[in-house]
Amino acid sequence: EVVTALVSVVTELSREAFDAGSRRREGLSTTLSTMAARTDIIPGVSIPGSLVANLFVKTAPTDDKLSPQGDFEEIIYVLEVRGGTDKNEFGHVSGAVAMSNKIIECQINSAPIYYAWKDHEDVKAILMAPTVAGVVLMAGASLPEFSQGKLDELVAELKAAGKKVGSNMHEAGVQPRYNTLL
């Protein structure tokens, strides 16, 4: 009985400590997202600063500088996985910014944003916005099982909400300019 009582007490204390840590992390995440919001990327859209980086480096090659956005109704985000060794010197998967620029050329706003399991809810909130038509997945890195599971969950939720998700801009909702089928 003593052992059972001790296990019960330890379990309850662990649960309380976990809940307190979760509330602290949620508060910190909300605070960081609110404090560091970027509104200079897509007109009228606020993106947590922690989810974007190095989009306007003056010394970057053209393919690593985000083009100016237009007054377009739709947005297609390019989703990169944070971390890994597949990033260039500006912190992006090779081609991610160029992909956003190609989408912008098609008169759809776009920007690359980072995904990490710790930012899951922030990323989900952005991607579920009514103006978001689709998402290009440029994961690049292999993820730990837990993170991959969270990303798979997000992709399933996006598809269930009617968002187009794919590995290229056409799968994510950009209409091809020319029909190449004979």
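Colleague: Why is helix 2 described as largely enclosed by the rest of the structure?

Modeller: This is a predicted model, where local features need pLDDT (the predictor's confidence in each residue, from 0 to 100) of at least 70. Helices (H or I, at least four residues) and strands (E, at least two) are DSSP runs, numbered from the N terminus, and buried means under 20% relative accessible area with a 1.4 Å probe, protein chains only. Helix 2 spans residues 96-105, and it is largely enclosed because, of its 10 residues, the number buried is eight.

Colleague: Thanks! Which residues of helix 2 are buried?

Modeller: Residues are numbered from 1 along each chain as its sequence is written. On that numbering, the buried ones in helix 2 are Ala96, Val97, Ala98, Met99, Ser100, Asn101, Ile103 and Ile104.

Colleague: And what covers the buried residues of helix 2?

Modeller: Cover is a matter of contact, meaning heavy atoms within 4.5 Å. Among the elements covering these residues are strand 3 (75-81), strand 4 (112-115) and strand 5 (132-138).

Colleague: Which residue just after helix 2 takes a positive phi?

Modeller: Happy to point you there. The phi is about 65°, and the residue, just after helix 2, is glutamine 107.

Colleague: Where is confidence lowest in the protein chain?

Modeller: The mean pLDDT of the protein chain is 80, with 76% of its residues at 70 or more. Strand 6 (residues 164-166) has the highest confidence, at 94, while the lowest, at a mean of 53, is in helix 1 (residues 2-35).

Definitions and conventions: Predicted model: local features only at pLDDT ≥ 70, side-chain atom pairs only at ≥ 80, totals over all residues. Heavy atoms only, no water. Buried < 20%, exposed > 50% of the residue type's maximum accessible area, 1.4 Å probe, protein only.
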